[in-house]
Every structure is written in structure tokens, then in C-alpha cells.
Amino acid sequence: MTAVESRPAGSLSTQSTSHRPFGARAKAFLALTKPRVIELLLMTTVPVMFLAAEGVPDLWLVLATCVGGFMSAGGAGAFNMYIDRDIDALMDRTSQRPLVTGMVSPRECLVFAYTLTVVSTVWLWVLVNPLSSMLALGALLFYVLVYTMLLKRRTAQNIVWGGIAGCMPVFVGWSAVTNSVSWAGVVLFLVIFFWTPPHYWPLSMKVKDDYERVGVPMLPVVAGNKVVARQIVVYSWVMVAVSLALWPLGYTGWFYPAVAVVLGAFWLKEAHALQSRAKSGVTGAKLKEMRLFHWSITYVSLLFVAVAVDPFLR
């Protein structure tokens, strides 16, 4: 029987420090940073640095930017888990998070979050540049204060506007190389902005019972599958259109737009297929909403690989 199963729903484990082995504790602190989310953030940061440098950027700069970005995003994740520990205890998807199981105490989590925030801000300021440092700090504050504390539990538009925090690594990567922000960064920022809702809404459709149980008004909770699928299609078309804007603006050669067209076509095929199933009243496993969720990760990864490769093929 797990720690979650042995306590009333919504309560937090209070196991003592003596029952928390060092190895498990280390893994728990790493889990506070949400490493899978950070992987996606770094996947957008590094390719943009190649585009900004029009080739291979200084590799020490790349390393410094990635380490600083990891710590900053990790601090945001830790703050998020501290604030959401009450609803995490009620949701199946989050029932094994460190604060819920008691592997990390709320106080430890808060100290950890503040430490990562301060260290990452100083790190980026000293080893990268002040602009990148402030952009990363702005993303952290937006994620914690605007998304987690203001939007998440109040509006179905939480992911739409809260996703701005996830767009900021594009600016961090560009500014790390150029110490400025350009229209290329704006375009790629908007790609991630319009990518985030149709990326996350399929997952929300899958676990909407979790969100409904804790009163978080994710779009699938307050609207039917037909409405959600229609919104996914709309955002998908805008995302694909925006992704092609880098070429006419003169920031890429032929390779990136060619890849963007192919990837966008596959994306739109999946989005429209999901909408068709939703219109037909399909529910449960047959809705196959996670097909688009998994494809969305592949899409953004390959798209930004193309961003990095394009400068070498001009």
C-alpha cells in the first residue's frame, strides 16, 4: 500500500526525516524541478542559440545558459508544487509528487525554490548577461504569480495565458547570444504560445476527472469534447501559419520552412482527426486524444531541431 492510499484523500504524508533515504530524497528534490518540462524548455532554448549565432554558438555560453535555465525553471516548478500541494494530493496524476508523499516537507520545498531562483538569477546575470537573467526571472514570476496563483484555479483560459512563461526560453536563448531580442525570437515565441493549448488540452481531456475533482476549470472540464477539439484545430492552424513566418522575414533558408510544412501537415491531420472523433460523439479510449499530445512533443522537438540545422544549409 502506498503512502497516498494509506491516508484520506487530500491529506499530506508526514513521514519523518529518518524514514526518508538520501537517494530517494535526492530524486524527490529533482522531481520538484519538473525535469520533463525542463527538457522541452531547453529543447527550444538551444536551437534558438544556433539560429542567433548563424552557426555554432560558444559552447560554454550554451552550457551556462542551459544550467541557468534549468535552475530557473526548476525553481518555478518547485514553487508550483508548493502552492498546489493541496490539489496534488487529490489528483491521481499528481498523487506521487514529493510534497504529497512527504518525501520533501513544504518548508524544504519553499527553501529549495527560493534558492534556485536566487542562484539562477545571479548565475545568468554573471555568466550570460543581465537581459537573459531578467527574462528568465520574468518567466519564473509569471508562471508562479500569474499562472499558478491567479489563473489556474479561476479561468479556463489558464493554459492559454499561463503558457507565456513557457515561451520565454526562446527569448532567453536569443538574448544569450545577441544580448537583444529580435523578430525571429518573437515568431518562435508565438509558435510556442499557440502550440501550448493544443499540446496540453488533449492531456486535460484525458485527466479531466482529476481537474473536475479539485475544481480547476481546465477547458475540457467546463466545455464538451466538441468545443475543446474545435479550439485545438483553431490554435493548430494559427500555430502552423506562424511557424512559417521565419522564412519570409529572412531568418532561415529553405530547410526550416520545408520541415515546418511537413510537420505542420501531420499536426493538422491529427488535430482534425481528433475533432472528427469528438464530433461523432466518441469518448473514452476511442477518442485517442493522447495521440495528439504525444505528437505535439515530437512536433516541437523536430521543429526546433530544424531551427538549429537550417543555418548550416544556407
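Let's start at Val216, which sits in the loop between helix H11 (208-214) and helix H12 (219-222). Helices here are DSSP runs of H or I with at least four residues, numbered from the N terminus. The model you are looking at is a predicted one, where local features need pLDDT of at least 70, side-chain atom pairs count only at pLDDT 80 or more, and totals for chains, interfaces and linings use all residues. Residues are numbered from 1 along each chain as its sequence is written, and side-chain values use heavy atoms, with hydrogens and water left out.

Is Val216 buried or exposed? Its relative accessibility is 1%, so Val216 counts as buried; the label buried applies under 20% relative accessible area, exposed over 50%, and partly exposed in between, using a 1.4 Å probe and protein chains only. Leaving aside residues up to four places away in sequence, Val216 touches Ile87, Lys152, Arg153, Asn158, Tyr211 and Val221, where contact means heavy atoms within 4.5 Å. Leu188 is 28 residues from Val216 along the chain, and the C-alpha atoms of the two are separated by 29 Å.

Now move to another loop residue, Asn129, found between helix H6 (106-127) and helix H7 (130-151). With 7% relative accessibility, Asn129 is buried too. Which backbone atoms lie by a polar atom of the side chain of Asn129? One is the backbone nitrogen of Ser132, at 2.7 Å, and another is the backbone oxygen of Ser175, at 2.9 Å. Such polar contacts are pairs of N or O atoms within 3.5 Å; within protein, one must be able to donate a hydrogen and the other to accept it, and residues adjacent in sequence count only if both atoms are side-chain atoms. Not counting residues up to four places away in sequence, Asn129 touches Leu124, Ser175, Ala176 and Asn179.

Asn179 is worth a stop of its own. This residue lies in the loop between helix H9 (164-178) and helix H10 (183-206), and has a positive phi of about 60 degrees although it is not a glycine. With a relative accessible area of 47%, Asn179 is partly exposed. Lys288 also has a positive phi without being a glycine, near 55 degrees. You will find Lys288 in the loop between helix H14 (255-279) and helix H15 (289-309), partly exposed with a relative accessible area of 45%.

Let's turn to helix packing. H3 (residues 59-83) and H6 pack at an angle of about 155 degrees, with their axes 8 Å apart. Axes are lines fitted to C-alpha atoms, for helices over the stretch in contact, and angles run from 0 to 180 degrees between N-to-C directions. H3 and H6 are therefore roughly antiparallel, a label for angles over 145 degrees, whereas those under 35 count as roughly parallel, 65 to 115 as roughly perpendicular and the rest as oblique. The residues of this contact divide into 18 nonpolar, eight polar and no charged; Ala, Val, Leu, Ile, Met, Phe, Trp, Tyr, Cys and Pro count as nonpolar, Asp, Glu, Lys and Arg as charged, and the others, Gly among them, as polar.

H3 also meets H2 (residues 35-53): their axes come within 10 Å and cross at roughly 150 degrees, which makes H2 roughly antiparallel to H3. The contact of H2 with H3 has ten nonpolar, three polar and no charged residues.

Conventions. Helix = DSSP H or I, 4+ residues; strand = E, 2+ residues; numbered from the N terminus.
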